[in-house]
Amino acid sequence: MPKRTDIKKILVIGSGPIVIGQACEFDYSGAQACKVLRDDGYEVVLINSNPATIMTDPELAERTYIEPITPEFVEKIIIRENIDAMLPTLGGQTGLNCAMECAKAGILDRHGVELLGAQTEVIERGEDRKLFAMAMENIGLEVPRSGYVYSMDDARRLIEDLGYPVVLRPSFTMGGAGGGIAYNADELRDIVSNGLDLSPINEVLMEESVIGWKEFEMEVMRDCKDNAVIVCSIENLDPMGVHTGDSITVAPIQTLSDVEYQRMRDASIAILREVGVETGGSNVQFAVNPADGRMVVIEMNPRVSRSSALASKATGFPIAKIAAKLAVGYTLDEISNDITRETPACFEPSIDYVVVKAPRFAFEKFEGTDETLTTRMKSVGEAMAIGRTFNEALGKALRSLEDGRAGLGSDGKDRFDEDHFDARITTPTAQRIYYVAEALRRGRSVAELSELSGIDPWFIGRIKAQTDLEADIKGRALSDLTADELRAAKRMGLSDVQIAYLTGTDEGAVRMLRHAWDVLPVFKAVDTCAAEFEAYTNYFYKCYDDEDEVPATDRPRAMILGAGPNRIGQGIEFDYCCVHAAYALHDEGFETVMVNCNPETVSTDYDTSDRLYFEPLTYEDVADVIERETPAGVVVTFGGQTPLKLAEQLLRDKTPIMGTQPDAIDLAEDRKRFSAVLDELGIAYPAAGTATTLDEAHEVADRIGYPLLVRPSYVLGGRGMSISYDRERLDRYMTRAARLSGEHPVLLDRFLEGAVEVDVDAVCDGCDVLIGGIMEHIEEAGIHSGDSACCIPSFTLGEATLDTIRTHTRNLALKLQVRGLMNIQYAVKDGVVYVLEVNPRASRTVPFVSKATGTPLAKVAARVMAGRTLVQQGLVDASGAGDVESSDQPDESAAAKVGEYVPTRYCVKEAVMPFGRFPGADTLLGPEMKSTGEVMGSAADFPTAYAKTQIAIDYPFPTSGCAFISVCDRDKRSIVAIARSLYKQGFSLMSTAGTARVLEAAGLPVRRVMKRSEGRPSVIDHVTNGEVQLIINTPFGQEARSDGYRLRSAAVRFRIPNLTNLNAASAFVSAVDAVIDGRLDISALQDYA
Amino acid sequence: MTSTAHITTQPAAVCWLATEDGLVLQGTACGAAGTATGELCFNTSMTGYQEILTDPSYAGQIITMTAPQIGNYGYTRSDDQREVCHARAMVVREMCSEPSNWRATESLPDYLRQNDIVAIAGVDTRRIVRHLRRQGAVRAVVTTDAQLGASPDALVAAAAADPGLVGRDLVAEVAVTEPRVFDNAGSLHVAAIDTGIKQGIIDRLLAVGCNVTLLPPTTTVDEIMHSGSGGARPDGVFLANGPGDPSAVPYVYQTVSELLGRIPIFGICLGHQMLALAAGARTYKMKFGHRGGNHPVKNLATGRVEITAQNHGFAVDADSLQGLPVAVTHVNLNDDTIEGIRMTDAPAFSVQYHPEASPGPHDSHYLFYDFVQLMEGRL
């Protein structure tokens, strides 16, 4: 069936900010969908609140709305754009939920909008437990046996049938509160009675436990003619009980025979039919009892998911692209396979390699939270690796994680908790796989470890093959190995670092020997068909087989090193920059070569660059690709810290680095050298010093005074950063920091309390400078820039201050010889502009600035790297000098011109926090970054723009109700105005004694409540009872774990906006006004940027 | 060939693979010791190595599995497609000798050793596939013989010495020599001419309510027409899959041509080619064949696409159907080759692919019901 002609304008819903469980995979799928639909002649209108996405680039849709993904905003867009149909299945759970809300609110019916891809009943059948179980019964498939209990007697009767252990879930409790697993009668009694109390309808679901069973996933596509294909099968290494997002997963399925696999395939397709997914992709999860093969259906997602992004990268079959085509009426046999060209998309990819995905965690950022992996996802990112064998892929996946490991142990980084060694094998954590490998090294058997961990013996057997090989070479001299042994080690997936560790030498020596002995890798293509047909896309992975498949090319190669797995501090923003670099350099005539290992991203779409290498971003793996491609230049400054770390080594190999040279980066990082530069340029900076010992730290503190900002050198995302207000805290930090950074010194800066922080992104071509944007932070200095909201243009700074910032920016860019992007952080205090930090590389704010100003900064910078000047790009005025005062600039830049585009609208970026996933961790913001994503709001005024960001974050935005206010002494004067505004807006006020006294003195009526430490009912009880809609609570100095902490935790649990500093509180209050006044209008990017 | 059924703890023995056109690879032995020659082919199925290995259609062939990890779920006797393995040798990237699956009865290497199948692991199987894709099917040798392995020339010569498949009757090697009855108390009786039938086909026929009598390929028309219980006329004739060159078994398709119009007929794979030849069409040897579990086949009557299991190196020549009472019912969407035909003047149809799967997707099971309807006169 050809495409539909009865619809013209399609609204695509994005997935909003990056949060745990919903990351850039939906940018990848959404961007593909937008492209496909436009190519087919549809007008695409897009809504997504996340500016750091490729899909929100203005050229991907006719109309791009960076607005909150809520039914209210969607309806406004539907009306203004006269939308015919809506595609909700590519925007994750956010997109699907929003579509469902729109449908339920009658918005779709009211405006005659059709849902493409999935009807509301289908979505409900897929998502509602009871409906889903009924559907499965209809087609004779099993789900875990379960029943609802309403009393202890019910529970005792049902347990006879189900047997221990059972999973208990009280119905309708917030965030699954009160649930648990009962292994015995005592636990059953406790959990059920508690659960019955907690459940508002006194109902507890009791379910047969399938913990420890094998877990599988199938990625299925179906078209409107009922053609169905399995794109990819996935097996989880971690058995049931660990969320698939937190599991190490393997594609294709390894341990099922054809009989079992086909049964699962039949079931998957039957499920799509029964649930009624008419077109598009779905993910179906199964559990299989390893003892008897009994198969139960766990769940299905009637939409494109994280697993489908993984499946697309794992097979080369672009699920989202095809799903979009199916949604507008095409059938699978009408769509051709991009890779083979001649064959249709109606087939099942056959893969002749093994794919392993490993999750990336960030527990170190959330002290106090439980690191045990459960059915609730906790990982912040993932890396995928392709190898010819499981071992090769597993080793690559683990060394891709950017956590300092060089593979599955034996890398000199193995540390084991000997007191709880076996517990670390039985309890799933991020470290378990390393314990399993170590246990094998210590002679424990595969059978025993499988028994303890529930991990299938096949996987453990494979790991044993690695540890056996290690044992053969461990302790021998490298020169003692034979070439065959070295090759065998490489084929087992061991990295050069691991081989070096085992043979007591260094990575360079192993590499040299490999060259001498010709133990060198080859690159093979990912082609969807196991080489049965010729492949036309250049998508490669490395292995140690015989034949290399990389075709020759005459064009010069430009290589872009990606950012690796998402983690806090390094996420989609850097991938966005890498993608733009690929586009721009391709247009400049280069054959672009992307190296990255993050399956969620647009950069690892084979469409993005001319050649894609799915490889870890370690020195060894990158250097291997460089040797194969001999690039004319390598871009290391767009992928965040990951490629930057490699710059020095690559330079030593005489690899040409594009743009800013590594020495400039070193100059900016090196305190001494950089202070000299600032002194020379006459730029102010906070007094600072470095210390390697406690005594040195005291010395520095005495000299420059408290408060101090302390941190280890060379960090990203403020890792290990802290503010010390006194000696006691400094001492505590120094003892902890020594462990953090080894031999690296600790940096101590005078902390500019109360300063306004400013971020600047700029591009320099060596002669001229383009100021991308001057962003004023809402929160004062001291909160990591990644966690703080900011606004373009500045909403409080004077023109003189801004000019100083422009001049400093230009002078620094020229002085550091930047050829490309740079980011500078300033602090403005008492009229003085201080430089806090300069990073001559792409920053997290580049996409936001690009969206706000309409200037694609990353592309501009990439073109600069390719030799095209800013004047040639028409971005600075060729005729005269820039508009910057030229009084105190250094001589060499006298002729330098400065360009800048200042938007007329206010664009605000706000950070999105993952605290809901980490119960127990403190939510207080500080110099260490904790956010996972960002949203953008834009409007004619700052308060409205800020309001949009707060609405875009998935928390209820209160415009009435009760505001609880409790602030520290420092903030007591300033709180009055904020409280008065809230009162006028109609909020009732609630406070604890200290703040209440201040508010009462100002004539405001306040309900006094007790702190948790004063007795009950306390403020926590009131929050729990739903009496509080807004919290303003600034921290009281030292009491990190007491009242404030409890309140913040309660706010997270009950999803109440909690403002922990007054600047954010004022902005919030002004935002409430904007909402009450009805100023929330919509505007498309194409109109204002 | 000598059997090495005992398990050795010594380092894996060296094994060689060579093709007649000069590709020589060294790997490790993961099956029986010895030397085997045959036509080298590849199969892209990601599961089902055991069903593939025991499919008699692979007689005379050396099977390269493109899936790199083979043997993971071991060997399960009840999944055998035939008691005897007729494939000459097996080529894998990595072999697993400690399988994990609750149904497994032994490891794949143990099975290979016990059944004297030479197998090689550790070679670049993707390179072999690309070689075959470019060069077409070639003859090859797999050997653990160190003397042979020491000389690339000798290896290539050994490969070239294989008789190949063209014009060679391999059916006789794999078929039953005496009739065998599978009685499932079915309501219909099918006479299946055994040219190397897979257990999966028998199972499907039994599942749709047929009793099956397996007949040697040389059975005469008269004998076939009286092969029902008590010498009765069967309800239908099934033409089985089987190995090698269809034109090399004229005695089968001549029998079929005599049966045409007298009794409902359903053919699969070689059986499909038998029907086509019987109708007067021609077959040809494909460059490297279709072997895998992911080929899309379009049913021209319904427009639906089936994902199919395939295993054939010969195909029906579309041009040769001109003017014959034959309608094409199914085509392969990858290369437009003929995947199914129906006689327009007789109750007979056939498919080139494997609706019984085993291994492979079950999308085409409906064809067995179609056969039942044909026999019951309802189609």
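View 1. In chain B, 23 residues of domain 1 are in contact with 24 residues of domain 2; two residues are in contact if their C-beta atoms, placed from the backbone, lie within 7 Å. The model is predicted: local features need pLDDT of at least 70, side-chain atom pairs count only at pLDDT 80 or more, and totals for chains, interfaces and linings use all residues. Residues are numbered from 1 along each chain as its sequence is written, while chains are lettered from A and ligands numbered from 1 in the order in which they are written. On the side of domain 1 of chain B that touches domain 2 of chain B, the elements giving two or more residues are β3 (35-43), α1 (49-53) and α3 (125-135) of chain B. Here helices (H or I, at least four residues) and strands (E, at least two) are DSSP runs, numbered from the N terminus. The most comes from β3(B), with three residues. By class, this side of domain 1 of chain B has eight nonpolar, ten polar and five charged residues. Ala, Val, Leu, Ile, Met, Phe, Trp, Tyr, Cys and Pro count as nonpolar, Asp, Glu, Lys and Arg as charged, and the others, Gly among them, as polar. Domain 1 of chain B spans 14-160 and domain 2 spans 171-375, with bounds that come from an automatic or database domain assignment. Taken over C-alpha atoms, the centres of these two domains of chain B are 27 Å apart.

**View 2. The side of chain B that touches chain A.** Contacts link 42 residues of chain B with 46 residues of chain A. Elements giving two or more residues to the chain B side are α3, β15 (283-299) and β16 (305-316) of chain B. The largest share, six residues, belongs to α3(B). This side of chain B divides into 13 nonpolar, 16 polar and 13 charged residues.

View 3. Seven of the seven residues of β15(A) are buried, that is, each has 20 or more other C-beta atoms within 10 Å of its own, with C-beta atoms placed from the backbone; 12 or fewer make a residue exposed, and values in between partly exposed. A:V354, A:V356, A:A358 and A:R360 point one way from the strand, and A:V355, A:K357 and A:P359 point the other way. Strand β12 (residues 249-251) of chain A runs antiparallel to β15(A) and is joined to it by three bridges; strands pair if DSSP finds at least two bridges between them. A:T249 has A:K357 as its bridge partner in β15(A). With strand β16 (residues 381-387) of chain A, β15(A) pairs in the antiparallel sense over seven bridges. There, A:P359 has A:E382 as its bridge partner.

**View 4. Two residues with positive phi.** A:R341, although not a glycine, has a positive phi of about 65°. This residue is in the loop between α11 (319-327) and β15 (354-360) of chain A. A:R341 counts as exposed because it has 12 C-beta neighbours inside 10 Å. B:C269, also not a glycine, has a positive phi near 60°. The loop between β14 (265-268) and α10 (270-278) of chain B holds B:C269, which is buried, with 32 other C-beta atoms within 10 Å.

**View 5. Cis peptide bonds in chain A.** A:I792 and A:P793 are joined by a cis peptide bond with omega about -10°. A:P793 is in the loop between β29 (790-792) and α27 (799-815) of chain A. Another cis peptide bond joins A:R1016 and A:P1017, with omega about 0°. A:P1017 is in the loop between β37 (1006-1008) and α33 (1019-1024) of chain A.
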